[in-house]
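Take a look at the structure below. This report walks through its parts one at a time.

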Protein chains: 2
Amino acid sequence: MQTSRKKISQITILDVARESGVSYSTVSRVLNGFDFVKGSTREKVLKTAERMGYVANIQARSLAGGKTQIIGLLVPGLDNGYITEIVSGIDQELAHSDYDMMLYTTHRYQGKESLYVKTIANGLADGLILLVPHNAQNYLQALPRQDFPYVLVDQIDNMYNSTTVDATNWQGAYDATAYLIKLGHQRIGFIMGAPQLNSARERFDGYRAALQHHRIAYDESLVIEGDYMTKSGYSGAKRLLSLEQPPTAIFASNDLTAFGVLDAIHETGLRIPEDISVVGFDDIPLASLAYPKLTTVRQPLVQIGQVAVRLLLEKLENPEREARRVTLATELIVRDSSAPRG
Amino acid sequence: MQTSRKKISQITILDVARESGVSYSTVSRVLNGFDFVKGSTREKVLKTAERMGYVANIQARSLAGGKTQIIGLLVPGLDNGYITEIVSGIDQELAHSDYDMMLYTTHRYQGKESLYVKTIANGLADGLILLVPHNAQNYLQALPRQDFPYVLVDQIDNMYNSTTVDATNWQGAYDATAYLIKLGHQRIGFIMGAPQLNSARERFDGYRAALQHHRIAYDESLVIEGDYMTKSGYSGAKRLLSLEQPPTAIFASNDLTAFGVLDAIHETGLRIPEDISVVGFDDIPLASLAYPKLTTVRQPLVQIGQVAVRLLLEKLENPEREARRVTLATELIVRDSSAPRG
DNA sequence: ATTTCAACTGCAAACGCTTGCAGATATTGG
DNA sequence: CCAATATCTGCAAGCGTTTGCAGTTGAAAT
């Protein structure tokens, strides 16, 4: 048997009730802002609670069926500017609300993912934001109630008609590719993201559409499957550069990947952008600090987070509200890593 | 009155008990790994729980006095590579354990800080890690039990004899300053961090000690009070550069500040490092991506997080364990932003 | 075959809160 | 001044667990 953890003198609703001479249910009602409590009583209770340093016990509140004023946030990890930017947006927006954030990292470990969802939805939180879950369905199945309020970020799902926030992945990729074509590039390498994410697929589609639209033949050897990580950009670029006829530009599916590409190119001694252009996607803070400064497709990451929160709060306020999908616009940011074909 | 949230069919310990034909307390004991349960019974219960998709209700468990297997983490915000690196370390280390992380951001808003501490320590989590709390005392006072297990990161406190992890701030600053002096710099600007943090004070002391030790007169006009933010680096550098006799090197108290310094210098057209050297502190991931690559004092940020977790887990396993302070070594990383005085 | 004891299992209370319902207290009109 | 009503308050049950204590079982010892 483990050491039994003695609960020492927590100040409870009962203490506050005793101290202010009312019943504990009245205290509860005051604390929850219900009507039917005389103004003077309310004042008195509030003051006593304050004075005694009362802090509600969330677990008890939740157990009893009350609101926790917590919203859960599930992210794969924190090792990535893309995610931390969105989290930051969520955090900012939540700071204006009465809700607190509880963040869980899954490390993409499937076991934990659905466990967390269940735990959170069991009452630990009032709502849930899922950040790029690899396969949303798995998560959503774990929801104990169909109507538990949640929002999906950057991952659509076709099965459950979920409320979703994402960006114009297709259009962004199209724009970037078209921009490179306009610069005179014909052989444009593409390093894809993790194919199970639909952002990756959409960007790929955008890339192909731009090629086709400009009557450039699609060359499979120029497309490398990656996983949105720096390493895959590095190895992908290495492969592209070793082709008999290497590309004159590389479009990486995200900035992290682009950094790997930058690295690989630097190693070969080629100059950027004189010898080869590089374009990324996301515009994480690092992008403008890289050398050379990265041309990229900006996703409004902070805003994505903010919108996710707003949608969730809407849903929380009005559970009847139907699901909707908000897609924010991307924007091509031209910096120093791209130039006309030499 | 708000909409009452109906609890829909959560699978409880009772369901599992009924299904496997034992009492609910036996199920509880199986789930908590206690002895005194027949092997066959244990198996059966485990299997049934698995099959039924049972997930423990943390709130109930906590209320009843059990362990939550959650450790709380309080950080000022997520908008800072320094913090996210440490958090990442914490996260990594926790991933190997049976504990989950719950992260709260305080935005340095005092009201929330002690509220969170109370909430968490009320049983929501089994332990607590405090990341750079502006004034640790405030937090620690809020602890309902003196012996609630917690660890302070990068902030010592003299009052409560807390378990602490930090880095050799003094030595790191001393080393950086001495390095600049060795390069021939005599007028070395210093931009301080938020003075209420003792890391800021220690670094300042290290800077002064190095000057003194090398018999360079301390010049107050070369020291600017900052707050560890990029903006303060920018404005601080502007001020330093507009001195009649501007410094030939600037030591910024952290990398974020150094980025501001870089910016300000770039604007004036001065070259780095030919005209002026810049040194930072922390070595956040951005540091090696900045232009020019930043010379800086590396703190083992990820490791700091990991150590914090390890100390906390130790304490959790053995509550009798006395508090201790672990100070990790810093290391000067020379990159491209510093050079001999021209 | 009985007793004895270890090995196991179950009951019930408790954790701090919310909330339906009933009861109490003002407040008003007759 | 009383009844009727509106307004407020309190009791008690219940949320899903843990755990002390008492009870049951079964095998070994007599």
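## The surface near the DNA

DNA strand C is surrounded by 29 residues, and the closest are Ser25(A), Ser28(A), Ala64(A), Gly66(A) and Ser23(B). This is a predicted model. Three helices each supply at least two residues of the surface near DNA strand C: α2 and α4 of chain A, and α2 of chain B. The largest share comes from α2(A), with five residues. Sorted by class, the surface near DNA strand C has twelve nonpolar, 13 polar and four charged residues.

Now turn to the other DNA strand. DNA strand D also has 29 residues around it. Ser23(A), Ser25(B), Ser28(B), Ala64(B) and Gly66(B) are the closest to DNA strand D. Here α2 (24-31) of chain A, α2 (24-31) of chain B and α4 (58-63) of chain B each give at least two residues. Which helix gives the most to the surface near DNA strand D? That is α2(B), with five residues. The surface near DNA strand D divides into twelve nonpolar, 13 polar and four charged residues.

## Two copies, one axis

How are chain A and chain B related? A rotation of 180° superposes chain A on chain B, with 0.0 Å of shift along the axis and an RMSD of 0.1 Å. That is the relation of a two-fold axis. The same surface serves both copies, as 100% of the contact residues of chain A recur in chain B. Which residue of chain A comes closest to the rotation axis? It is Gln59(A), whose C-alpha lies at 2.2 Å.

The contact takes 43 residues from chain A and 43 residues from chain B. On the side of chain A that touches chain B, the elements giving two or more residues are α4 (58-63), α5 (81-95), β2 (100-105) and α6 (110-124) of chain A. By class, this side of chain A has 22 nonpolar, 14 polar and seven charged residues.

## Inside chain A: the domains

Chain A is divided into three parts: domain 1 (13-56), domain 2 (70-166 + 301-324) and domain 3 (169-300). The C-alpha centres of domain 2 and domain 3 of chain A lie 29 Å apart. Their contact takes 15 residues from domain 2 of chain A and 13 residues from domain 3 of chain A. On the side of domain 2 of chain A that touches domain 3 of chain A, α5 and α12 (301-317) of chain A give two or more residues. The largest share of that side, four residues, comes from α12(A). By class, that side of domain 2 of chain A has six nonpolar, six polar and three charged residues.

## The sheet in chain A

Six strands of chain A form an open sheet, in the order β7-β6-β8-β9-β10-β12, with mixed pairing. Why is one side of β7 (223-224) and of β12 (331-333) of chain A left without a neighbour in the sheet? Both stand at the edges, each with a single partner strand, so one side of each has no neighbour in the sheet. Strand β6 (residues 188-191) of chain A and β7(A) run parallel, joined by two bridges. Phe190(A) has Val223(A) in β7(A) as its bridge partner. Helix α11 (residues 255-268) of chain A packs on the sheet and touches β6, β8 (249-252), β9 (277-282) and β10 (295-298) of chain A. The direction of α11 of chain A makes about 155° with that of β9(A).

## The sheet in chain B

Chain B has an open sheet of six strands, in the order β7-β6-β8-β9-β10-β12, and its pairing is mixed. Again the edges are held by β7 (223-224) and β12 (331-333) of chain B, each with a single partner strand, so one side of each is left without a neighbour in the sheet. Strands of a sheet pair through backbone hydrogen bonds, either parallel or antiparallel.

| Strand pair | Sense | Bridges |
|---|---|---|
| β8(B) and β9(B) | parallel | three bridges |
| β9(B) and β10(B) | parallel | four bridges |
| β10(B) and β12(B) | antiparallel | three bridges |

Ala249(B) has Ser277(B) in β9(B) as its bridge partner. Gly280(B) stands opposite Thr296(B) in β10(B). For Arg298(B), the bridge partner in β12(B) is Glu331(B). Helix α11 (residues 255-268) of chain B lies across β6 (188-191), β8, β9 and β10 (295-298) of chain B, and runs at about 155° to β9(B).

How values were computed
Residues numbered from 1 in each chain as written. Chains lettered and ligands numbered in written order. Predicted model: local features only at pLDDT ≥ 70, side-chain atom pairs only at ≥ 80, totals over all residues. Least-squares fit on C-alpha atoms with pLDDT ≥ 70 in both. Contact = placed C-beta atoms within 7 Å. Pairing = 2+ DSSP bridges. Axes fitted to C-alpha atoms, helices over the stretch in contact; angles between N-to-C directions. Near = placed C-beta within 6 Å. Nonpolar A, V, L, I, M, F, W, Y, C, P; charged D, E, K, R; others polar. Domains from an automatic or database assignment.
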